[in-house]
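Please read the points below with the model open beside them.

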Amino acid sequence: MNWQNTSGRYNAVSIGLHWLMLVLIIAVYACIELRELYPKGSDPREALKMWHFMLGLSVLFLVLLRLFVRFTSGATPAITPPLVKWQAMLAKVAHIALYGLMVGMPLAGWLILSLSGTPIPFFGLELPALASENKDLAKVIKEIHETAGTLGYVLIGVHAVAALFHHYILRDT
């Protein structure tokens, strides 16, 4: 398996991490949306929230691995034909925003749990709190987290539509 990008293609690890992250992000969103089907305090609702936390933290750890792979696997493959300047700039901004979402959302969630004085579950482990309890600040960060989550739907949708447009309509790489 080649760990380096080629001039025309990302390496297999980068491709695999991309699709694994998509599945994880879908699961994170599904857990938090599906919890609404159950009454507050019910076991299924609490389980979905716990899975939301654990899968969200998994996104954080995998995106850090993904960034490491991205910066150590050589140059990003060129798009053929090259994008016009405004498209290239928009693509760069969108990718930065997506990476910001993949790093910032799990960190915000971890911080919300920390500030709420809630244990931070991670597949049988309890992660350390990032800050001491401050319920007022937790509420503020939770609002930001929820708003960013809504923005995430838009960013992911725009990313998917742009990828499909380039692949099926423009037929570029």
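1. Terms for helix pairs. Angles under 35 degrees count as roughly parallel, over 145 as roughly antiparallel, 65 to 115 as roughly perpendicular and the rest as oblique. The axes are lines fitted to C-alpha atoms, for helices over the stretch in contact, and the angles run from 0 to 180 degrees between N-to-C directions. Helices (H or I, at least four residues) and strands (E, at least two) are DSSP runs, numbered from the N terminus.

2. Basis of the note. This is a predicted model, in which local features need pLDDT of at least 70 and side-chain atom pairs count only at pLDDT 80 or more, while totals for chains, interfaces and linings use all residues. Residues are numbered from 1 along each chain as its sequence is written, and side-chain values use heavy atoms, with hydrogens and water left out.

3. Helices α3 and α4. The axes of α3 (85-116) and α4 (135-170) come within 8 Å and cross at roughly 150 degrees. The two helices are therefore roughly antiparallel to each other. The crossing of α3 past α4 is left-handed (the near helix is turned anticlockwise from the far one by less than a right angle; clockwise would be right-handed).

4. Helices α2 and α3. Here the axes come within 9 Å and cross at roughly 140 degrees, so α2 and α3 are oblique to each other. This crossing is also left-handed. Contact (heavy atoms within 4.5 Å) involves, among others, Phe53, Gly56, Leu60 and Val63 of α2 and Tyr99, Val103, Pro106 and Trp110 of α3. An α-helix has 3.6 residues a turn, so residues three or four places apart point the same way.

5. Helix lengths. Helix α4 has 36 residues and spans 50 Å from its first C-alpha to its last, close to the 52 Å expected at 1.5 Å a residue. For α2, with 30 residues, the reach is 43 Å, close to an expected 44 Å. The expected span is 1.5 Å times one less than the number of residues.

6. The buried side of α4. Which residues of α4 are buried? They are Ala138, Ile141, His145, Gly149, Gly152, Leu155 and His166. Buried means under 20% relative accessible area, exposed over 50%, and partly exposed in between (1.4 Å probe, protein chains only). The cover over these residues includes α1, α2 and α3.

7. Serine 14 lies in α1 (residues 12-34) and counts as buried because its relative accessibility is 13%. Leaving aside residues up to four places away in sequence, serine 14 touches Asn5, Val69 and Ser73. Methionine 50 is in α2 and is partly exposed, at 36%. Its C-alpha atom is separated by 20 Å from that of serine 132, which is 82 residues away along the chain.

8. Most residues other than glycine have a negative phi, and most peptide bonds are trans. Phenylalanine 123 is not a glycine, yet has a positive phi of about 50 degrees. It is found in the loop between β1 (120-122) and β2 (125-127) and is partly exposed, at 43%. Arginine 171, in the segment after α4, has a positive phi near 55 degrees and is exposed, with a relative accessible area of 65%. Glycine 74, which follows α2, has a positive phi near 90 degrees. Where is the cis peptide bond with omega about -10 degrees? That bond joins threonine 80 and proline 81, and proline 81 is in the loop between α2 and α3.

9. Database annotation. An unreviewed UniProt entry places "domain: Cytochrome b561 bacterial/Ni-hydrogenase" at residues 9-172. In the model, this span is 74% helix and 4% strand, and its end C-alpha atoms lie 12 Å apart. The unreviewed entry also gives "transmembrane region" for residues 12-30, 50-69, 90-113 and 151-170. Residues 50-69 are 100% helix in the model, with end C-alpha atoms 29 Å apart. Residues 151-170 are also 100% helix, and there the ends are 27 Å apart. UniProt positions are given in the numbering used here, feature names are shortened, and annotations may be inferred rather than shown by experiment.
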